[in-house]
Number of protein chains: 4
Amino acid sequence: MNEPIRDRLVSLRRSLHRHPEPAWREFYTTARIVEEIRAIGVDELAVGPDAYDPADRMAVPDGDLEPWVRRARDRGADDGLLERMTGGNTGAVAVLERGEGPAIGLRVDIDGLFIEESADETHDPVAEGFRSQIDGTMHACGHDVHMTWGLAVLEAIKESDFSGRLVVFFQPAEETSGGGCPMAKSDFAADLDYLLAVHVGLDHPTGEVVAGIEKPLAMCHVDATIEGTSAHAGKAPNEGDNAMHAMGTAIENAYGIPRHSDGMTRVNIGYAEAGSASNVIAERAHMEAEARGETTELMEYMKNRLKRTVRSAATMHGCRADVDVVSESPRADSDPELQALVSEVATDVPGIERVLPAADFGASEDATFLMDRVQQDGGLATYLIVGTDHPTSHHTPTFDVDEDSLEHGVDVLVESIRELEHRHPVPRAEAEDGAHAEVDG
Amino acid sequence: MNEPIRDRLVSLRRSLHRHPEPAWREFYTTARIVEEIRAIGVDELAVGPDAYDPADRMAVPDGDLEPWVRRARDRGADDGLLERMTGGNTGAVAVLERGEGPAIGLRVDIDGLFIEESADETHDPVAEGFRSQIDGTMHACGHDVHMTWGLAVLEAIKESDFSGRLVVFFQPAEETSGGGCPMAKSDFAADLDYLLAVHVGLDHPTGEVVAGIEKPLAMCHVDATIEGTSAHAGKAPNEGDNAMHAMGTAIENAYGIPRHSDGMTRVNIGYAEAGSASNVIAERAHMEAEARGETTELMEYMKNRLKRTVRSAATMHGCRADVDVVSESPRADSDPELQALVSEVATDVPGIERVLPAADFGASEDATFLMDRVQQDGGLATYLIVGTDHPTSHHTPTFDVDEDSLEHGVDVLVESIRELEHRHPVPRAEAEDGAHAEVDG
Amino acid sequence: MNEPIRDRLVSLRRSLHRHPEPAWREFYTTARIVEEIRAIGVDELAVGPDAYDPADRMAVPDGDLEPWVRRARDRGADDGLLERMTGGNTGAVAVLERGEGPAIGLRVDIDGLFIEESADETHDPVAEGFRSQIDGTMHACGHDVHMTWGLAVLEAIKESDFSGRLVVFFQPAEETSGGGCPMAKSDFAADLDYLLAVHVGLDHPTGEVVAGIEKPLAMCHVDATIEGTSAHAGKAPNEGDNAMHAMGTAIENAYGIPRHSDGMTRVNIGYAEAGSASNVIAERAHMEAEARGETTELMEYMKNRLKRTVRSAATMHGCRADVDVVSESPRADSDPELQALVSEVATDVPGIERVLPAADFGASEDATFLMDRVQQDGGLATYLIVGTDHPTSHHTPTFDVDEDSLEHGVDVLVESIRELEHRHPVPRAEAEDGAHAEVDG
Amino acid sequence: MNEPIRDRLVSLRRSLHRHPEPAWREFYTTARIVEEIRAIGVDELAVGPDAYDPADRMAVPDGDLEPWVRRARDRGADDGLLERMTGGNTGAVAVLERGEGPAIGLRVDIDGLFIEESADETHDPVAEGFRSQIDGTMHACGHDVHMTWGLAVLEAIKESDFSGRLVVFFQPAEETSGGGCPMAKSDFAADLDYLLAVHVGLDHPTGEVVAGIEKPLAMCHVDATIEGTSAHAGKAPNEGDNAMHAMGTAIENAYGIPRHSDGMTRVNIGYAEAGSASNVIAERAHMEAEARGETTELMEYMKNRLKRTVRSAATMHGCRADVDVVSESPRADSDPELQALVSEVATDVPGIERVLPAADFGASEDATFLMDRVQQDGGLATYLIVGTDHPTSHHTPTFDVDEDSLEHGVDVLVESIRELEHRHPVPRAEAEDGAHAEVDG
C-alpha cells in the first residue's frame, strides 16, 4: 500500500479515535461512517432500523440519549441521519453487489468504552493530538481501527474486479454484547457463504496474524438492583434494610463463585453504585456485572450462581433483589477450512512475519451471534486477529495501537476475500475421528 | 398566634420545602432567607463570606456548583447575592441590636438531603402541591421548618420591646457536619450569653417539647477512595487490582467494627460508587462514610477502625486507599439551667401538652460546635426539640411534619428569649456531688 | 476475720482454681463442694438431679462426658457422687433451717471456661503454683472465688445465731447460660424473701463494692450448623456446596448486624469449626454464637437477625442451615431496697473504701432467672459486686484476683444476711413517679 | 486372571479399606503392607526411615501420634515395625533385583482421608461389611485399590521370568502432598529408566484406561494461624482483636482470588477452627488451605495471593497472621513414548474396552516429584488411570469402586512392565516442531 493510502488510514483512525461513543449511542460515529460509505459508493446502505429490527437489540441503556445526540449534532452529524437513529438505533450495513460469486460478510464493531483516556504526554494520542475529546469515554479496545478496516476494505473491493456479494456490518454495542444479536437476525446476515470477523491486537504483536480464534467465551451481562429501606444512620440504623451492606456481601461472594472442572469461567462486578448520603442507610444499590464461560453451559453456571448470590445477599439484609440478564452471547469457534485459507493468504502479506493458524481467546465477543448464524445457514466463519504492538492491555487508559497494523489488516482482509472468491466453494474438511474428543471426555 | 400568622408560617415553610438544596449549595435558599430578613429589617445582615471565614468550612463538595447557581438564578435569586456566594459560601447571619440586655444566639440549619421525595398521593406535600421541585433532593429532616422558625422569631422579636442582642444563625451544611464549625469560629458567635439550637420532631409528637437534649453523638464524615488497576475482566482479570472487590470487603467489615463497652457507636457507608463497565476490572472506588460515638473518644475509636478497615481491604486487593476525614463535630450537652428555664416557659405555651426536661438524642448535630463555643466563652446553651407528628422517620422519602408545630416552635423560642432577657444573668447551678459519676465510673 | 480464716479462704480458692471444669462437666468441682458442705454440716443437701429437674437444663453439651468423669475420679471424687451426677447433672444446693425468720437465697456459680491459662511466670497462679491443671480450661471469670464465698458464708451463718432459712445455690453452667433456669424452677427457689447474687471484680478495684447492678443484658446462646456437599477441591470444586464459604459469609455478616436505637446490643461467634482437609470442599460447618441486648426485645432482635444471616449465607452457597437457640436468659434489675441495705452494710465492712449504690453491667448473667423468680414470687433480689484488682480482663488467659477480696466478699454477704434477718420484712419503696421514664420515652 | 486371584484381590482391598489412616499416620497400613511383601519375598525391603530421609518429609502433622500407634498395635501391627516408624515415618519400598534389564519404578500411595464414611445401607462397603472402622477417617480416594495393585504386581513379577529391577514405592501422605518429595529424593528413586504412577477412577468408567495424564496441577498446602486478643464478648468486645472475624474475612476473600488468564487455578480453605466459647472474642484461628495451578507459576500466583489475603485480613482486625507453606508439588507431564506403549498394551488387556492415549487431570498429585526426578535423571514417566465405575466423586462419603477394576489395574501394570522390559531402551520421540507451542504463546 502506498504512502497516501497509509496516511488516509491513519487520519481516518485518529479522527474516529477522537470521538468515542458508548454502546447504542454511536450517533456521531455512525454518521461519520455513513459519510465515508457514501463517498465510496455502495449498492445498498442501511442505517439503524433499516439494518436490523430494533426489538432485537440487547442491553439498551436506560439513560438519557439526548446529550449524545446533541454532541453529535454539534460536531456536524447530519440531521436526517440522527433522525433515523432516534432511540439509539445506531450502526449501519453496507452492501456491494458485483455479479456471480460468493456472499461474504465482514463484521467490524464501532463502540467505545466508559474509560477516561490517559492525559499523559507519553501516551501517543496525547502527543499526536488525537486523544478522546469526550470526557470519560475512550476507544480503548481498538474499534477505531476496526471501523477503519471496514471502510478501507469496502473501498478496495469496490475498486477491484471482485465478483460476488460483500456485506460489511458496522455493528454497535459490542462491549455490552448488545449489537451482535440484532445484526445476526437481520436479512443482511442471511445466506452468507463466509463470514470474516476481525480484531486488532489481543496481545499479538505487529506482524503477527491469527487465522482464526478458538473458544471465544460465552458471556452474559447482568444488571442487579437491590432495594432496601432507608433510615437515619445515627438515629435508627436498625430501621433500615441496608442495600449497601447487601451489595458488599454480593460483591464479596460473587468473586468467590467456585471455579469449574469443565473449563474456564469468569465473573466481574464492573460497576456499582449505592446509597445517597453518608448519614442515610442506603435504600438502593445497583450493580452491572458479567459472567463468562468457556462453553455456554459454563456461562450458565456462572450466571445462575451470580443470581443466587445477589438474591441471598439481599435476603440476608432484608432487601429485595431484581437481577436482569440484559444480554447474552454464545460460544462459537472458527472453521478450520477458513483458518487454513486465511493462514495461507496472510503468509504472503507484506509486513506479516508470523501466522498462527489458531489461538485461544480468553475473552468474549458477540460476533459469535453472526458466526453462529452463518454456520447454521451452512456457511463458514472465522474470527481473525491482526497483531499490533499495544503498550498496555485492552480496556486500560493507555491502550494504543501501532498504526503499521492498519495496512496489515486491510491487506489480510482484502486478500482473504479475493481468495474466497477464487476458491469458492471452499471444500469441507472431513469430520474429525473423534479421538481428541474422547480424550477430552 | 392568630390565623393570618399561621397562614404565613405555612406558606413560608411550603415555599422553602419546594426548593431543597444540599450542603454548601443553598444558593436559592439563602437568597430567599435574605429577602425575608430584609423585609423584616435587621441591624446587621451578613451573607456567606461575611458571616464566616470560608477557610473554616468543612466537607466542601468537589462537584460542579454551576447547575445549582443556575437553578437559583432561574428561580429569581438576586444576582448580587449569588455573586457573594461564589464558591458555595452560602448561609447568613442576622443581628438585632436593641440596647442593654443579654446576647442571645438562635441557630437554625438550612440544607436539604439527596433523597428523592415520595410522589405518592397520600404524601401531604404531593396532595397539597409543595413537593420538592428538585429531582433527587428533599427537605427530609425538617430544615424548612427550622428556617421558618428563625425568620418568624426574628420578626417577632423585632416587633417586640426586647432589649439586648439577638443573633440568628442560618447555618448551611448541617447534614454533612460542614457548617457548624465556621459559624462557631465567627465573630458573631463571640460572647453570647445564651444559645438556643432547635430541631423539629425526632420522634416527639405534636404538643411535646424537650427542653434540652443530652448526648448528641460526636461524629465525623469520612471520604475514602480506593485506587487499583483496571484490566479486561474476561481476558486477564489477574492483571487487575480490583478496587470493586476491595470496596466490597471494606463495606462488609466496616459494619462489623466491634460495639464498644463505653457506649453507643455508629458507622455507615452511605454512598459508594466503583468501576466503569461490566467488562472492566474496577480501577477506582469511592465511598462516603460516617462514624459516630456517644463520646468524642468513641467517635475516634470508630473513625480509626474505619480507616484501618478500608486500608487493609485495599492492601488485600493490591490497591491503595486514601481516607480523608472531611468533617468532625464534638459531643456537647445542654446546660441544666437553660433546660429548666425552657421547661418552665414551654409549659405555658398554648398547644404544648407535655414538657420533658431532657431526652437522649440518638443522632449527631454540628450545632455542638456553636454550643461548645458558647459554653467555652462562659455562656449557657441548650438544644431543644419541638415535637411534631411525623408520619415516617427523618431521612425517608415520606417524611413530613404536622404544621401545627410551626406556631409551637415560634412561641417556645420567642417566650424563652423574653424570659432569658428578664432573668439575665441566669444563675449557675451548684456542681453535682459526683455520686452519679462514681456509679458510672 | 483472723489470719487462719484468711489462709483457709486462700487455700480453698487456690485448690478450686487448679481444677476448672466447663459447663455441665463440674464433676470434681461439685464433689469437692459437697465434701466441704458435709464438713460444715447443713440441714439439707441436694446434688444434681435432687437439686433441679435435669429436663430444665439448657445448653447441655453433646460431647463425651467420660473423660471429665474419669479425671474427677482420678482426683479422688466420690464414686457415689459421680454416679448421682450421671449425664452431667452437676451442681448442688445447701440449706440451713434455723427457726423463724426470712428465707434468704445466695447464688454462686461454679463453672470454668475453655481458655488456656497463661504459663507466664509473672502470672500469680504460675508463681504461686496453682495454675490450672486441666489443659485448655481455666477459671478466668472468678467462679473459684464465688464458690469459696458460698462455702465460707454457709459456715459463718451455721456458726452464728442466725434465725431463718438460708439456701445456697452452687449453680453449674453460668458461662453458657444453661444452669440458671433449672435452679430457678426448682423448689429450692420457691418463696424466698430475698436473693443475693454476687460477682467478683468486673473492673471494680479491691475495696469497692457495688450494692446492686442494673441492666444485666438479656442473652441467648445459639448453635448453628451448616450442611453442604463435599467435593474434591482440585478436581471439581463446583460440585461442592461449600459450608466453609457459607460460614465465612455468616461470620462476616453477623458482626455487621445493625446497632439498635433502643440500646446496647452484642453479637459474637465465639467458636467455629468447618471442613476436614485442605483438599476437600467442606461439607459441614459448626458455629457457637451468642446475642445480647440491653432489653429482652433487643436480644430477640439480635437473635432473629443472626438466624437470618446464617440461613441466607447457607442458601447463598447451596447449603442448609440448622440454627438452634440452646439457652436464653432474661434481663433483670436489682431492687433498690436491697441496694440501699447492702450499701449501708458494706460501708462498715473493714477494707471497703467505697460503695456504689448501683452500676451498669455490660454483660449477661443467668442469675437473672433466679432474680426473676424471686421477684415474681414477691421477694427482693440484688446482684452485687465485690471489687478486686484484676490484672487483665475477665475471660483472658492472665485473669487473676486480689485475694484480699476473699474476706471482703464473705463479710459483705454475711453482714447483709444478718441485716436482712433483723430488718425483715424490708419495706417496699414507693413506685417512682415516672418522670424519668417519660424523659426516656 | 482366575477366580481365586480375583477373590484375593477383593479380600485384600477390603481389608485395607477397613483401616484407613491419614497422612504420616499409616502405621497399621504400613505394617500390613510389609507383612504381605514378606509373604511374597523380595530382594530388598525398606520401611520408613530406611526408605527415605525423614527430614525430607513435608506437611508432618503436629498432633499426637500415640492414638494411631495404639490403634495399630491393638489390631496386631508388629511392635518392631511400629518402633521403626516412630515419629510417623510410615511407608515402605520393595525391590526385586532380577538380572539384566531396565530399572522400573511403580508408585502407589497409601493414606486415607479425614472423611466420615457413609453409613447408608446402599453404600456397598456397608452392605458388604467393610466400611471404615476408624471414625472420621476413610479411603475415599481409592488408595486401598492402589496398594492392592502394588502388592499384586510385585507378586506377579516375582513369579514371572522378568529380568531387570522393579522398585515399588508405597508412598505415605499423598493427600497432603507430603510424601512425594522424600520418596523422590531417596536412593531408590535414582537411575530409574521408567516410572509408572497409577490412579483408579477419576471419572473414567470401568473398562477405560488413560495411558498418561497431562497437566497434573502444581499445588501447595498452606497452614495459616491468626493470633488476636481475647475479650469478654458482652462486657468489652472492643478490647478484643477478633481472630474469628479476621478468619471470616480471609475465607470470604480467598475464594475470590482472581481467575488467571494463563490457565486453571484452584484455592480451598478445607479446614478451619477458631475461638473457644461463645462468650469470648476469639483469640486464635487456624486454617488449612491449598492452592493449585495448571503451571507451577500459576500455583505460585495463587499461593502469594492467599498469603496476602490472610495477612491483610489479620491486619484489618488487629491480629497477626502466620502463614506457612507446609508442602508443595510441581507440575509434571507424562512422556508420550510411555503413553504410546501403555496405550498399545492396554488395548489387549481383557475387560479394557477403551483406551485414551491422554487426558487432562483437573487435580494435583505429588507423584510429580517422582516423575520429575526420573525425567531429570533421563528416564521416562507416565501417570496412568485405570477406570472404575464410582458411584460418587472422589473425596465424598459414598465414594466406592467397581472391584472389576482390581484385575484391570494389575493386568495393565504387569503387561506394561513386561513390555518395557522387551522394548528397552524405548526410543525417544523427535522433539516437536514447536508449531503448537507457537499457537499457545
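**View 1. The contact between chain A and chain C.** Chain A gives 21 residues to this contact, and chain C gives 21 residues. Two residues are in contact if their C-beta atoms, placed from the backbone, lie within 7 Å. This is a predicted model: local features need pLDDT of at least 70, side-chain atom pairs count only at pLDDT 80 or more, and totals for chains, interfaces and linings use all residues. Residues are numbered from 1 along each chain as its sequence is written, while chains are lettered from A and ligands numbered from 1 in the order in which they are written.

**View 2. The side of chain A that touches chain C.** The elements giving two or more residues to this side are α8 (243–254) and α9 (296–316) of chain A. Helices are DSSP runs (H or I, at least four residues), as are strands (E, at least two), numbered from the N terminus. The largest share, seven residues, comes from α9(A). By type, this side of chain A has six nonpolar, twelve polar and three charged residues. Here Ala, Val, Leu, Ile, Met, Phe, Trp, Tyr, Cys and Pro count as nonpolar, Asp, Glu, Lys and Arg as charged, and the others, Gly among them, as polar.

**View 3. The annotated binding site in chain A.** An unreviewed UniProt entry marks Cys141(A), His143(A), Glu175(A), His199(A) and His395(A) as "binding site". They are spread over 255 residues of sequence but cluster in space, with a largest C-alpha distance of 13.8 Å. Such annotations may be inferred rather than shown by experiment; UniProt positions follow the numbering used here, and feature names are shortened.

View 4. His143(A) sits in helix α6 (residues 143–159) of chain A. His143(A) is buried, with 27 other C-beta atoms within 10 Å (buried means 20 or more, exposed 12 or fewer, partly exposed in between, with C-beta atoms placed from the backbone). Beyond its neighbours within four places in sequence, His143(A) contacts Asp109(A), Ile110(A), Asp111(A) and Gly112(A).

**View 5. His395(A) and its surroundings.** His395(A) lies in the loop between β16 (380–386) and α12 (404–423) of chain A. It is buried, with 28 C-beta neighbours inside 10 Å. Leaving out residues up to four places away in sequence, His395(A) touches residues including Cys141(A), Ser230(B) and His232(B).
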